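I opened this model to look up a few local features and the contact between chains. My entries follow in the order in which I made them.

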Protein chains: 2
Amino acid sequence: MIDKLEFLLALAREKHFGRAAEACGVTQPTLSAGVKQIEEQMGVLLVRRGSRFQGFTPEGERVLDWARRIVGDTRNMREEINSLRLGLSGRLRIAAIPTALAMVAALTTPYRERHPNVQFTILSRTSVEILELLENLEIDAGITYVENEPLGRVSMIPLYHEHYRLLTSADAPLGNRDKVTWAEVAQVPLCLLTPDMQNRRIIDRLLKSAGGDSRPTLESDSMILLYSHVRTGRWASVMPEKIAQTLGLTDTIRAIPIVEPEAVQTIGLVVPKREPMTPTTTALVEVARRVAPTLTD
Amino acid sequence: MIDKLEFLLALAREKHFGRAAEACGVTQPTLSAGVKQIEEQMGVLLVRRGSRFQGFTPEGERVLDWARRIVGDTRNMREEINSLRLGLSGRLRIAAIPTALAMVAALTTPYRERHPNVQFTILSRTSVEILELLENLEIDAGITYVENEPLGRVSMIPLYHEHYRLLTSADAPLGNRDKVTWAEVAQVPLCLLTPDMQNRRIIDRLLKSAGGDSRPTLESDSMILLYSHVRTGRWASVMPEKIAQTLGLTDTIRAIPIVEPEAVQTIGLVVPKREPMTPTTTALVEVARRVAPTLTD
DNA sequence: TGGGTTGATAGATAAAAGCTATCAATGATA
DNA sequence: TATCATTGATAGCTTTTATCTATCAACCCA
């Protein structure tokens with residue numbers, strides 16, 4: 001029964017019988033039969049079909065909601081019992097927005113000191129994707145903007161604030177300044193994240209409200225790529241302070257505070273709101289609460 | 001998998017492999033194999049055995065806790081989907097303390113007007129048993145004293161207050177009074193509920209604090225039996241006002257308020273604290289909230 | 001020590017779940 | 001409009017799992 005519910009979850013993720021089957025490690029007919037069996041047990045069609053997957057019926061959506069809960073609880077049970085036997089172990093799956101990637105180590109390092117047998121998988125995702133992954137039980141926790149409304153299904157632990165800096169060569173225009181305004185930044189050709197990233201949308205908004213418009217010369221979904229361009233001395237970017245520090249500032253590359261307005265975004269840990277949480281997630285929340293005061297400025 | 005978890009729940013209820021198997025509608029070897037299979041999947045012994053059932057290991061207790069949640073959610077899912085198809089239907093299982101039995105009709109009657117396809121099973125149980133039945137998913141709701149600490153796992157909706165009355169023949173001693181004290185009641189031979197009932201323990205406490213002691217001439221777990229004795233005119237009893245009214249007062253039988261102190265107990269509806277509740281339970285809570293103001297005095 | 005109780009084990013059988021191969025329906029493309 | 005690719009359903013077969021009956025070993029109590 002629980003396996004069949006997992007079929008349903010995979011189908012919701014993949015929106016495709018064949019790929020969902022592959023994700024579950026079974027063949028397509030097996031998955032089809034499993035879905036049909038749940039439908040028979042419930043006495044209602046759950047999936048709208050028509051020679052291809054067309055989404056779920058209203059009843060299907062409700063079943064999906066329950067399935068997420070039931071499957072999630074089953075996994076949590078397994079993990080809790082394993083932890084009782086072996087101490088904290090297993091794999092903690094975390095997704096973070098790119099600008100927060102550098103801060104993840106502030107959580108994983110103290111975590112690992114306490115619980116050396118836990119392994120990590122850390123993904124770089126957009127804030128929207130992170131919430132989806134949490135919903136679909138594909139990650140245990142996310143690190144993202146806490147202003148993204150909590151949806152009621154997740155708990156948020158604030159971690160630190162993003163302060164924006166103009167990253168630029170010292171001998172470029174503005175390169176010798178102690179601080180710059182958003183209006184000034186809007187005049188410079190920039191390397192920024194792609195528009196699907198919330199960070200980019202925040203910066204766009206700030207540039208626009210300062211009277212400029214956002215036409216970055218270069219877009220990427222990788223902070224490394226942006227930074228490597230800045231390092232050439234020929235490009236500039238806008239980045240949160242922390243990640244700029246982590247990537248390292250040289251004599252020639254400066255991170256200049258941007259004011260008017262002094263924009264701040266809060267970044268936090270996001271975990272599914274479900275009691276009880278898995279032991280590994282509980283431990284992560286503990287670490288987050290412990291280190292958060294040391295990160296805030 | 002879920003079936004196996006049901007085996008475990010049955011075993012926790014029955015504390016006996018054979019009876020648990022019977023309750024699940026399978027043979028004893030099947031249940032034994034099912035339990036063993038979960039133990040293998042978890043990699044831990046869950047049941048302490050030794051030629052007979054000896055309880056659960058600590059890991060077993062944790063698995064039981066999860067199993068209750070998972071099995072409960074699965075049933076709730078089924079019921080919710082059924083309700084979407086057929087409107088509100090199914091069976092609502094309620095257990096009430098004996099002194100509240102007469103008040104159940106105040107819930108079931110308006111409920112049935114709105115949702116005529118829901119059937120009821122109503123059990124008379126002690127307050128302790130009601131909480132156990134709720135834990136074990138054997139009832140959907142209870143009606144009991146709300147002072148019984150909520151345990152965090154249940155929600156309580158206050159319904160009405162129990163006021164105590166001396167039920168006695170008009171020509172018996174005290175029979176002509178407008179009110180009596182607990183100290184006076186303590187002098188009269190009484191028919192009371194058995195000591196496993198909280199109502200009895202409450203009355204015992206009141207009698208004792210008034211300086212009397214509680215040596216009822218007759219004990220029973222049935223309010224009908226108590227009342228039928230009072231009706232003979234030769235016995236007296238202490239009952240909540242509402243049930244006395246329901247059983248009917250004749251010219252010869254009076255219900256006399258008992259004062260010093262004027263004791264009041266709050267009775268309420270108790271449902272599992274789990275979101276979302278089943279549609280039938282949700283409807284019951286709605287009815288309870290609606291009728292409660294009309295019951296309170 | 002013997003009878004009754006309890007849960008485990010063995011062996012047989014029935015039920016299910018899964019796979020491969022194939023088909024029908026749909027949609028896109030030339 | 002004819003052709004081809006995609007997608008999910010279906011059929012038939014095999015393997016695996018679940019369950020039953022019958023029996024056994026351990027234990028308890030008298």
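I call a residue buried when its relative accessible area is under 20% and exposed when it is over 50%. The model is predicted, and I keep that in mind throughout.

**Entry 1: Thr280(A)**

I began with Thr280(A), which sits in helix H11 of chain A, residues 279–295. Is Thr280(A) buried or exposed? Its relative accessibility is 0%, under the 20% limit, so I count Thr280(A) as buried. I then looked up what surrounds Thr280(A). Setting aside neighbours within four places in sequence, I found Thr280(A) in contact with Glu79(A), Leu88(A), Ser89(A), Leu92(A), Tyr111(A) and Val118(A). With Glu79(A) there is also a polar contact, side chain to side chain, at 2.4 Å.

**Entry 2: positive phi**

Next I checked backbone angles. Most residues other than glycine have a negative phi. I noted Lys15(A), a non-glycine residue with a positive phi near 55°. Lys15(A) is in the loop between H1 and helix H2 (17–24) of chain A. With 53% relative accessibility, over the 50% limit, Lys15(A) counts as exposed.

In chain B I noted Leu137(B), again not a glycine, with a positive phi near 65°. Leu137(B) belongs to the loop between helix H6 (127–135) and strand E5 (141–145) of chain B. I find Leu137(B) buried, its relative accessible area being 9%.

**Entry 3: aromatic pairs**

How many aromatic pairs does the structure hold over all chains? I get eight. One of them joins Tyr164(A) and Trp182(A), edge-to-face, with 6.1 Å from centre to centre and 65° between the planes. Tyr164(A) is in strand E6 (residues 154–169) of chain A and Trp182(A) is in helix H7 (residues 182–185) of chain A, so this pair ties together parts that are 18 residues apart in sequence. I find both Tyr164(A) and Trp182(A) buried.

Phe53(B) and Phe56(B) form another edge-to-face pair, with centres 5.5 Å apart and planes at 75°. Phe53(B) and Phe56(B) are both buried.

**Entry 4: chain A against chain B**

I turned to the contact between the chains. It takes 26 residues from chain A and 26 residues from chain B. Between them the two chains bury about 2600 Å², with 67% of this area on carbon and sulfur atoms. Which three residues supply more of the area that chain A buries against chain B than any other three? They are Trp66(A), Met77(A) and Ile81(A), with 26% of that area.

I then went through the polar side of the contact. The rule finds four salt bridges across the interface of chain A and chain B. I looked up Arg69(A), which forms a salt bridge with Asp73(B), the closest N and O atoms lying 3.9 Å apart. I count eight residue pairs in polar contact between chain A and chain B, with both residues at pLDDT 80 or more.

Helix H1 (2–14), helix H3 (28–42) and helix H4 (58–86) of chain A are the elements that give two or more residues to the side touching chain B. H4(A) provides the largest share of that side, 16 residues. By class, I have 12 nonpolar, five polar and nine charged residues on the side of chain A that touches chain B.

Notes:
Residues numbered from 1 in each chain as written. Chains lettered and ligands numbered in written order. Predicted model: local features only at pLDDT ≥ 70, side-chain atom pairs only at ≥ 80, totals over all residues. Heavy atoms only, no water. Phe/Tyr/Trp six-rings, centres within 6.5 Å; stacked < 30°, edge-to-face > 60°. Helix = DSSP H or I, 4+ residues; strand = E, 2+ residues; numbered from the N terminus. Buried < 20%, exposed > 50% of the residue type's maximum accessible area, 1.4 Å probe, protein only. Contact = heavy atoms within 4.5 Å. Buried area = accessible area lost by both parts, 1.4 Å probe. Salt bridge = Lys/Arg side-chain N within 4 Å of Asp/Glu carboxyl O. Polar contact = N/O pair within 3.5 Å; in protein donor to acceptor, adjacent residues only side chain to side chain. Nonpolar A, V, L, I, M, F, W, Y, C, P; charged D, E, K, R; others polar.
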